[in-house]
Amino acid sequence: MNQRRQSSGHGHTVGLLGRGAECTRLDEMIIGVRAGESRVLVVRGPPGVGKSALLEYAEDAVTGGRVLRASGVESEMELAFATLHQLCSPLLVGLRSLPVPQRAALETVFGMREGAPPDRFLVGLAVLSLLSGASEERPLLCVVDDAQWLDRASAQVLGFVARRLLAEPIGFLFGTRRPEAELGGLPELEVTGLTDADAHALLNSATHARLDQPIRDRIVAETKGNPLALLELPRGLSMTRMAGGLGLLNADTLPGHVEQSFLSRIQELPEQTRLLLLIAAAEPVGDPDLMHRAAERLGVTLATALAGGTDGLLTIDERVTFRHPLVRSAVYRAAEAKDRRAVHLALAEVTDPQVDPDRRAWHLASAAAGPDEAVAAELEQSAGRAQARGGLAAAAAFLQRSVAMSEDPARRADRALAAAGAGLQAGDFQAAHRCLDTAERDARDEWGRTRTQLVRGQLAFASGMAGDAPPLLLDAAQRLEAFDMDLARETYLTAWGAAVFAADADSQLRISRAIASLPRPQGEPRLIDQLLSGYGLLVAGDRAAAVSVLQEAVPALARMASQDFLRWGWIVVGLGTSLWDEGIIRSMFARGVRLTRDTGALADLTVYLTSLAGSTAWAGDFAGAAALVAEAELFAAATGSPMAPTGALRLESLRGREEEASALIGAVIEQTRAGGQSLGLGVAQWSAAVLYNGLAKYEQAALAGRAASEIHEPWISTYALAELVEAAVRISDEDLARGALERMVDAMEACTTDWALGTSARTRALLSDAAHADELFREAVERLGRTQLRPELGRAHLLYGEWLRRERRRGEARQHLRTAYEMFTSIGMEAFAERARRELLATGETVRKRTVEASSSAELTPQERQIALLVRDGLSNPEVGARLFLSPRTVEWHLRKIFTKLSITSRRQLREVMPRGEYESTPGKELTG
């Protein structure tokens, strides 16, 4: 686009006028890729600013490497994985080398085989593996232009892959007009207009008319140095208008003005040439044969249409390409509606319904002058195919178009409801709301209106309107009872879970009472029925009865089908927390990690990793928790999923690092409050209470404990009561302490696990007389010693030792305080260790302040530690890569760093320097009975 100049820096003779800094940035990128490093750059700027020229510059600079190129096409944004297929098609011969799940994922989304729709992040891992394999032969540069028009499925996968590149000789270069969410956080190069001097030079090269300097100055100023405008505007203006300086009058936006300039040139062309341009504009593939056959149907002869040329606006070669995307839009917008419909109909007629049924359906829809039931049906079928390939956004788009094409109100209502569901799954909540309004308006019976209400409740819950979701879902569940009792029960469970997430006490009570009035299910109760009954009793009935029902459900956990766990796991975990059963909690989180990792469901994987990190920290395995936190953060960044850092918060609050923990408390409160998830607020305040009890800041601990205990949900609020009692005793607020203790005992008296009974004994001892306190502390130490909750056991020793010191039993006090101090120090609970050390000093014992001994793997980053543990356990590089969504080459790159840090030379030696510890986290272990 801009004038070329010589550049001797790197052996290629290309350069761009006024783009020295940009070319240098691209040169550095290519040099890095040649050297075996990964590089990613998003070139961003307005239309015509020269992004495509810069991408071509980078392509020209690739010597000894391979370039893969793709472009987003505006009319193809509804075709799932269209751009991804365009980019990867030259590499599909390498599919045979991929692991079976990855190969199947790519073959499914590219329509090469039938199968269940794969998660888009499994597709991303497959593309990463495909590109990584290709780069072993020679460096690879992937160029994706017009990224603002990528179909959403392709954008998500390409953004994921770009973030996962590290040690491969692969460069990713995107050109886009605006910031794209899927590419957010990637390195950017913003391209702006040329400087005045360069703009004048370019304008002079494009105009032969003698122009006064003020006129030139005005053109440069109003184009803001946009190269396309400087080159193209003079071609579309008469000499008189140029010389008079009137060329830019009445211009709205610069792209619009450039487009108008193209229009002026188009209008000068013969009628058959203009029609040929319209066919090319409406046909997104750029297939010359397809364009030729469509032209014949419309009576256009290529020889005649091209006899006088196209004024450089269109090139017909192996592909049909326009001078610039603005030419395409100018041609299409300038045509009359009847001509556009005729062109789309011709293209539909020449498109093979077996090979490309979805583009054919889209053309038919564009050719229709009004609603057409046959076209609506074809679009509905296209939506089904898109959904089968995992293209949820594409399925939603086809269904929305199908709604507009529907003649029959009943069919329109059904399609609108399906479109709303697809939009919900794709995360397009605004479009889903619009479709629900249509479905509700056109529904012809109560069943249709009830289903609409169900999706509306699901949409409210998914879109973060936590306060709106419970009443909507309750209403849907009650109405569903007349049609489908199983679906009604599932909806009640979702409603109850939504009410707990929102800490909506009124909705929890109303939903629980409605559950209690349900008829008993016929036959053997399902796990979901047992959970529903037990959870309802937790809020609106006898807690002892609730615990009994939930205990009966435990054996069914091991038999729970994987697909059911993926749907209901987020609420099934509540069974373990209700029973105070640490084994069930960690087992459920571990199963969630394994299943979501196996299926590639990274958004849910992040949730389970975060939860497992919190429970791992609670078991005293801080290194394992840190590795899980790092993995969760890695996937959250890769997927763009906003995830409250509750796992990291639990870890830092137990460590007792006030500055780090306080920042995380603020982050969790902000994120969960914005989403209306008051359950997260409870986690933040409970963690704050733990933090401040460790720091011996009891006033603050009491404030946080009270805040957490007053949040209306059945789990975290109970855990927080133990913290509140401890803090209230230390600030001598006996009324507060006794009130909290009474609530805690009432909430957990029916639970019979060592964790529950040990925590209860430890807390009751704080408010008991001497004889009973001694007995209760001993019981607490004994019971918590049978759990894996080492921090809780350490705290029992600490509280017992503190009490013994105040009872002047210094010898016994030293024994328990020393045990607590050693435990806290070995775990890494810095604040509680310091609290125990001060108590030991008060007994007259000399204690040197020390920190946790550095282990052989202490200097590893959390991700390096995760890789080292997996390799130690026998996983190969491809297996580690599949688990952590890394390429095998990146795993090998990390391993070299790990070996250097640990001063070892082989994988076998990892077993020696990183032996499996007694309390080490084992995320793969599951509940078996």
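**View 1. Strand E4 (residues 170–176) is mostly covered, with seven of its seven residues buried.** This is a predicted model: local features need pLDDT of at least 70 and side-chain atom pairs pLDDT 80 or more, while totals for chains, interfaces and linings use all residues. Residues are numbered from 1 along each chain as its sequence is written, and side-chain values use heavy atoms, without hydrogens and water. Buried means under 20% relative accessible area, exposed over 50%, and partly exposed in between (1.4 Å probe, protein chains only). Strands (E, at least two residues) and helices (H or I, at least four) are DSSP runs, numbered from the N terminus. In a regular strand the side chains alternate between the two faces of the sheet. Ile170, Phe172, Phe174 and Thr176 point one way from E4. Gly171, Leu173 and Gly175 point the other way, and all are buried.

**View 2. E4 pairs with strands E1 and E3.** Two strands pair if DSSP finds at least two bridges between them. Strand E1 (residues 39–44) runs parallel to E4, joined by six bridges. Arg39 has Gly171 as its bridge partner in E4. Val42 is partnered with Phe174 of E4. Strand E3 (residues 140–145) is also parallel to E4, over five bridges. Here Cys142 is the bridge partner of Phe172 in E4. From E3 the chain crosses through helix H6 (residues 152–164) to E4, and this β-α-β crossover is right-handed. Right-handed means that, with the strands pointing away from the viewer, the path from the first strand over the helix to the second runs clockwise.

**View 3. E1 also pairs with strand E5 (residues 188–190).** The two are parallel and share three bridges. Val43 has Leu189 as its bridge partner in E5. E1 is mostly covered, with five of its six residues buried.

**View 4. Leu575 is a member of the largest nonpolar core.** A nonpolar core is a set of buried Ala, Val, Leu, Ile, Met, Phe, Trp, Tyr and Cys residues joined through side-chain atoms within 4.5 Å. This core has 215 residues. Leu106, Leu131, Phe172, Phe174, Tyr535 and Leu575 touch the most other members. Leaving out residues up to four places away in sequence, Leu575 touches Leu531, Tyr535, Leu550, Ala553, Val554, Leu557 and Ile584. Apart from this core lies another, of 33 residues, including Ala229, Leu314, Val331 and Val350.

**View 5. Asp581 caps the N-terminal end of helix H30.** A side-chain oxygen of Asp581 lies 3.0 Å from the backbone nitrogen of Gly583. Such a polar contact is a pair of N or O atoms within 3.5 Å; within protein, one must be able to donate a hydrogen and the other to accept it, and residues adjacent in sequence count only if both atoms are side-chain atoms. H30 (residues 582–599) has 18 residues, of which 14 are buried. At 1.5 Å a residue, H30 should span 26 Å, which agrees with the 26 Å between its end C-alpha atoms. The expected span is 1.5 Å times one less than the number of residues.

**View 6. Ser512 sits in helix H25 (residues 505–516).** Ser512 counts as buried because its relative accessibility is 1%. Its side chain reaches the backbone oxygen of Gln508 at 2.7 Å. Beyond residues up to four places away in sequence, Ser512 touches Trp496, Tyr535, Gly536, Val539 and Ala540. Contact means heavy atoms within 4.5 Å.
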